[in-house]
Amino acid sequence: MNNNKKQWILGLFIFSMSLFMEACGQPTKPPTTIKNTVPMEKIEKTEQEWKSILSPEQYYVLRQKGTERAYTGALLETKEKGIYKCAGCGSELFSDDMKFDSHCGWPSFDKEIAGGKIKKVLDESHGMIRTEIVCAKCDGHLGHLFDDGPTATGQRYCVNSLSLAFEPDTQKSEKIILGGGCFWCVEAAFLELKGVQKVVSGYAGGNIKNPAYREVTTGRTGHAEVVEVTYNPSQITLSEILEVFFTVHDPTTLNRQGADVGTQYRSAIYYTNEAQKNIVDKTINALTDANAFEGKITTEIAPLQAFYSAEDYHQNYYNQNKSQPYCQLVIEPKIEKVRKVFKDKLKK
């Protein structure tokens, strides 16, 4: 066989493999065990019935285990709050906080909604060994599961947009900015509460734009370490949030929380509207009248001018670094206090 023919055959082989590789990411070793322990109520339809309710593209993916082309899915860039459901039967599969940018060309999630709504199946097609994921209710093909995710779960649910139907969350949400010392502590406490949709560590109250952590720690930026708490007022009120806030930190120690000293560790509340300000004022007046603290409350109260998100490694810090001494000695006692005092306000 001459060299030209060898090169032609090699090129054809590489091209063929590239087509196989388009099937929801790179082939990897499937998870060690594939468990499907929770029974689901099944939906069974004839193929003709599926064809009548699905578009031809959806039928190809959901019923014939096809794969949409990379970077073409309608839900690839979706960042709205809401629930991702099976496009075939409407079963809830993923929520917006499970979605992340994987840059693989398909919507990616790091975990699934609890309840055994997704079934894992060994897939040995195309000469690869992968874990196929299907809807447990209707057996619709969703995509594949890989153990190469960048988040704490280490998983990447690689899903076709055509397999999903997105239902946006239309519930009202509000934001309040709270500073109670180290933002790692405050963030961890509020992540425990039901009705709290999101908590982001960051900086506010200062006089420079886009500050970096190394600058804030000098105390010369005027910024405080804060958290941006996004919450649903129908599930948790601002008064309840403030009750937790004044429980997990000491508002009487000016520019200090424990061993953390500096203006960046001051107690602060930055409100986003006048209604919030009225509730904050009322809460502090009530605490003062009740002599809730031995010292005078020094919490700074001001309208929010700007909030700057902290660097990625500060986000969800406690859950990512539970073995660190600071987490065990400083943050864990605050979390345990929240769990003990506010049992009825905790997420399930």
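Here are some friendly notes on this predicted model, point by point.

1. First, the ground rules. Because this is a predicted model, local features need pLDDT of at least 70 and side-chain atom pairs count only at pLDDT 80 or more, while totals for chains, interfaces and linings use all residues. Residues are numbered from 1 along each chain as its sequence is written, and side-chain values use heavy atoms, with hydrogens and water left out.

2. Now the overall picture. The chain has nine helices and 17 strands; helices (H or I, at least four residues) and strands (E, at least two) are DSSP runs, numbered from the N terminus. Of the 348 residues in the chain, 43% are buried, where buried means under 20% relative accessible area, exposed over 50%, and partly exposed in between (1.4 Å probe, protein chains only). Among contacts with a separation of 6 or more, 68% link residues 24 or more positions apart; a contact means heavy atoms within 4.5 Å.

3. The largest pocket holds about 2,100 Å³ of space. A pocket here is an open set of points on a 1 Å grid over the protein atoms alone, where a 1.4 Å probe fits, with protein on both sides within 12 Å along at least five of seven lines; lining residues have an atom within 4 Å of a point. Grid points are joined across faces, edges and corners, and the volume is the space filled by probe spheres set on the points.

4. Who lines this pocket? There are 43 lining residues, and D96, D97, M98, Q197 and K198 lie nearest the centre. Two or more lining residues come from each of β1 (82-86), β3 (99-100), β9 (164-168), β11 (196-204) and α8 (317-320), with β11 giving the most, five residues. By class, the lining has 12 nonpolar, 14 polar and 17 charged residues. In this scheme Ala, Val, Leu, Ile, Met, Phe, Trp, Tyr, Cys and Pro are nonpolar, Asp, Glu, Lys and Arg are charged, and the others, Gly among them, are polar.

5. V121 has E132 in β6 as its bridge partner. Six residues lie between the strands, and H126 in this hairpin takes a positive phi near 60 degrees.

6. Helix α4 (residues 183-190) is largely enclosed by the rest of the structure, because eight of its eight residues are buried. Among them are W184, C185 and E187.

7. H249 sits in the loop between α6 (238-248) and β13 (256-257), and is buried at 6% relative accessible area. A polar atom of the H249 side chain lies 2.7 Å from the backbone oxygen of F245. The H249 side chain also makes a polar contact with the side chain of S267 (2.8 Å); such a contact is a pair of N or O atoms within 3.5 Å, and within protein one must be able to donate a hydrogen and the other to accept it, with residues adjacent in sequence counting only if both atoms are side-chain atoms.

8. H223, in the loop between α5 (213-216) and β12 (224-231), is buried at 1%. Its side chain has a polar atom 2.9 Å from the backbone nitrogen of G206. Leaving aside neighbours within four places in sequence, H223 contacts residues including Y203, T263 and Y308.

Notes:
Two strands pair if DSSP finds at least two bridges between them.
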